[in-house]
Amino acid sequence: MYEKFLKRFVDFVLALTALLVLLPFLLPICVLLLLTGEHEVFYLQKRVGCKNKDFKVWKFATMLKDSPNIGAGSITLRDDPRVFPVGKFLRKTKINELPQVINVLIGNMSIVGPRPLMEVDFAKFSDDVQAVVYNTNPGITGIGSIIFRDEEKWMSDVDGDPHDFDKKYIAPYKGALELWYQENISIWTDVKIIFCTAWVILFSESYLPYRIFDGLPEKPDALG
């Protein structure tokens, strides 16, 4: 019942409220982006969505438009030269994700759900994960977003090809986390994820997720 009806209703109400409340804060950011970088405010990128169908995710423009085709491709590193100075702040604080409330209003994203991935990163999942990970809408935040909140730092510390490290260690763990979410979807799980998202933004080194969520997959030793 929650997944089919209440979750969509809650998503719409929260997204509309957030948009109205944040509008005075978002407008100055839009002006700042127009005056810096490539003078683009939003970046719409194709991602894998519900039932593995493509959709366009909304984000504030923080990187060069051609970033997926240059440098590290779909992987963003700490101090990545493709990221604009203003973009570094927006990405660190996750403000760059806020335009995704538009996706929630449209109905192709939820407040909480699996991370929406580019096709190249989705392909790193095993077949069994690909088959079920997007049984629900992807989310602005989620258990994967919380655990991998500082993924850029992890990838920057890799000794070798970050894409190989991603495929060998990060993608399998992301997949396990998202499978855990699919098995534990409830309004209480979503409430805890929203709270935990705010908490780890303020306290980035916190281990709170592993304390308040039962049965989370164990983190691989390679991820520290």
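What follows is a conversation about some aromatic residues in this predicted model.

Trainee: Why is the pair of Phe42 and Trp58 called edge-to-face?

Mentor: The ring centres of Phe42 and Trp58 lie 5.3 Å apart, which is within the 6.5 Å needed for a pair, and because their planes stand at 65°, over the 60 degrees that the term requires, the pair counts as edge-to-face.

Trainee: What makes the pair of Phe42 and Phe60 stacked?

Mentor: The centres of Phe42 and Phe60 are 5.7 Å apart, with 10° between the planes, and since planes under 30 degrees apart count as stacked, that is the word for this pair. The pair links distant parts of the chain, with Phe42 in strand 1 and Phe60 in strand 2, 18 residues apart.

Trainee: Why is Phe60 called buried, and why is Phe42 called partly exposed?

Mentor: Phe60 has a relative accessible area of 2%, and buried means under 20%, so Phe60 is buried. Phe42, with 34%, falls between that limit and the 50% above which a residue is exposed, so Phe42 is partly exposed.

Trainee: What makes the link between the side chains of Tyr210 and Tyr173 a polar contact?

Mentor: The side chains of Tyr210 and Tyr173 are joined at 2.8 Å, and a polar contact calls for N or O atoms within 3.5 Å, one able to donate a hydrogen and the other to accept it. Tyr210 itself lies in helix 10, residues 208–212, and is partly exposed because its relative accessibility is 31%, between 20% and 50%.

Terms used:
Residues numbered from 1 in each chain as written. Predicted model: local features only at pLDDT ≥ 70, side-chain atom pairs only at ≥ 80, totals over all residues. Heavy atoms only, no water. Helix = DSSP H or I, 4+ residues; strand = E, 2+ residues; numbered from the N terminus. Buried < 20%, exposed > 50% of the residue type's maximum accessible area, 1.4 Å probe, protein only. Phe/Tyr/Trp six-rings, centres within 6.5 Å; stacked < 30°, edge-to-face > 60°.
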